[in-house]
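Please have the viewer open as you read.

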Amino acid sequence: MGKALFVTGTGTDIGKTYVTALIVKCLRDAGLSAGYYKAALSGAEVAADGTLLPGDALHVARVARLDAADVTVSYVYRDAVSPHLAAQIEHRPMDFAKVAGDYCRAKKRTDYLTVEGSGGIICPLRWDDDEHVVLDDLAVRLRLAALVVADAGLGTINAVVLTAEHLRARGIPLRGFIFNNWQGGLMQEDNVRMVEEITGARVLARVPHGAAELPMGADALAALYA
Ligand SMILES: Nc1ncnc2c1ncn2[C@@H]1O[C@H](COP(=O)(O)OP(=O)(O)OP(=O)(O)O)[C@@H](O)[C@H]1O
Ligand SMILES: [Mg+2]
């Protein structure tokens with residue numbers, strides 16, 4: 001059985017997939033066996049024949065040169081709305097026994113499995129008469145430790161600290177933060193200092209816009225997986 005790391009973010013479109021692709025590429029370039037798992041993707045690309053394509057997984061596979069078998073998305077929904085709502089629209093609720101099974105199979109196949117969340121940490125996955133499940137519940141059930149992707153710029157102190165506080169409240173171990181769209185300068189450097197001082201966790205890497213590599217060593221990265 002391999003190790004896993006949960007990549008969440010301070011919100012949707014913050015760069016989880018972009019950073020995850022660099023993470024998986026960094027592991028692969030160091031000769032490690034790596035894979036990608038996502039429980040629910042909504043806002044799928046639609047192929048000419050109507051097939052729903054998991055864009056996040058395809059991006060990671062392309063950047064990190066992963067085989068199709070090392071990339072798993074349990075539920076792919078068409079509409080670009082929260083997975084709980086996309087599932088309601090398509091009458092296709094998530095079955096968490098299937099999610100756990102897919103996750104375990106993916107983890108057995110590879111030494112380092114990177115698990116991308118959907119949206120931010122409070123992302124409802126299923127909300128119907130039978131079950132209420134939010135993304136943080138899934139991280140707890142799968143016993144995942146989290147890495148948080150955040151924008152480097154204005155507003156990030158609030159978003160990062162709230163996410164860190166919530167992870168702690170749910171007992172989800174926090175490995176640290178990755179600041180995305182890093183430009184540097186007084187305010188962004190201060191954002192690093194403030195989130196580190198308030199949360200006690202570290203900003204592990206600063207990823208500039210358009211980065212082709214993760215600015216972090218593979219050994220330090222691999223050590224985050226459990
Ligand atoms: N450092 C970066 N450099 C260039 N483009 C970036 C960077 N980070 C994010 N992007 C772009 O911003 C958009 C949103 O990023 P991404 O898809 O990684 O977000 P996400 O957090 O995974 O979103 P979702 O919640 O839908 O999974 C994408 O078009 C992506 O290519
Ligand atoms: Mg994504």
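1. Let me begin with Arg92, which is partly exposed at a relative accessible area of 31%; partly exposed is the class between buried, under 20% relative accessible area, and exposed, over 50% (1.4 Å probe, protein chains only). Arg92 sits in the loop between helix H3 (83-90) and H4. Helices (H or I, at least four residues) and strands (E, at least two) are DSSP runs numbered from the N terminus. From the C-alpha atom of Arg92 to that of Arg126, 34 residues apart along the chain, the separation is 9.8 Å.

2. A word on the ground rules: this is a predicted model, in which local features need pLDDT of at least 70 and side-chain atom pairs count only at pLDDT 80 or more, while totals for chains, interfaces and linings use all residues. Residues are numbered from 1 along each chain as its sequence is written, chains are lettered from A and ligands numbered from 1 in the order in which they are written, and side-chain values use heavy atoms, with hydrogens and water left out.

3. Which residues are the closest to ligand 1? They are Thr12, Lys16, Thr17, Tyr18 and Gly210, out of 16 residues that surround the ligand; a residue is counted if one of its heavy atoms lies within 4 Å. Helix H1 (residues 16-29) gives the largest share of this shell, three residues. By class, the shell holds five charged, eight polar and three nonpolar residues. In this scheme Ala, Val, Leu, Ile, Met, Phe, Trp, Tyr, Cys and Pro count as nonpolar, Asp, Glu, Lys and Arg as charged, and the others, Gly among them, as polar.

4. Oxygen atoms of ligand 1 deserve a look of their own. A polar side-chain atom of Lys16 lies 2.8 Å from one oxygen atom of the ligand, a polar backbone atom of Tyr18 is 2.9 Å from an oxygen atom, and a backbone N or O atom of Asp13 is 3.1 Å from an oxygen atom. Taken alone, ligand 1 exposes 630 Å², and the protein buries 72% of that; these accessible areas come from the Shrake-Rupley method with a 1.4 Å probe, and for residues only the protein chains shown count as cover.

5. Asp13 lies in the loop between strand E1 (3-9) and H1, and is exposed, with a relative accessible area of 76%. Arg65 also has a positive phi, near 50 degrees, and is a residue other than glycine. Arg65 is in the loop between helix H2 (55-64) and E5, and is partly exposed at 47% relative accessible area. For context, most residues other than glycine have a negative phi.

6. Arg62 belongs to helix H2 and counts as exposed at 58% relative accessibility.

7. Is Thr110 buried or exposed? With 3% relative accessibility, Thr110 counts as buried, and its place is the loop between helix H4 (96-109) and strand E6 (112-116). Its side chain makes a polar contact of 3.2 Å with the side chain of Ser33. Such a contact is a pair of N or O atoms within 3.5 Å; within protein, one must be able to donate a hydrogen and the other to accept it, and residues adjacent in sequence count only if both atoms are side-chain atoms.

8. Asp136, in helix H5 (residues 135-141), is buried with a relative accessible area of 4%. A polar contact of 2.6 Å links the side chains of Asp136 and His166.

9. Ser74 lies in strand E5 (residues 71-77) and counts as buried at 10% relative accessibility. Its C-alpha atom is separated by 8.2 Å from that of Leu41, 33 residues apart along the chain.

10. Finally, consider helix H7 (residues 186-199). Its 14 residues reach 20 Å from first C-alpha to last, close to the 20 Å expected at 1.5 Å a residue, where the expected span is 1.5 Å times one less than the number of residues. Gln188, Asn191, Val192, Val195, Glu196 and Thr199 are the buried residues of H7. Seen down the axis, these buried residues fall within an arc of 120 degrees, so they line one face of the helix; the arc is that of the directions from the helix axis to the C-beta atoms. On the other side of H7, Leu186 and Glu197 are exposed.
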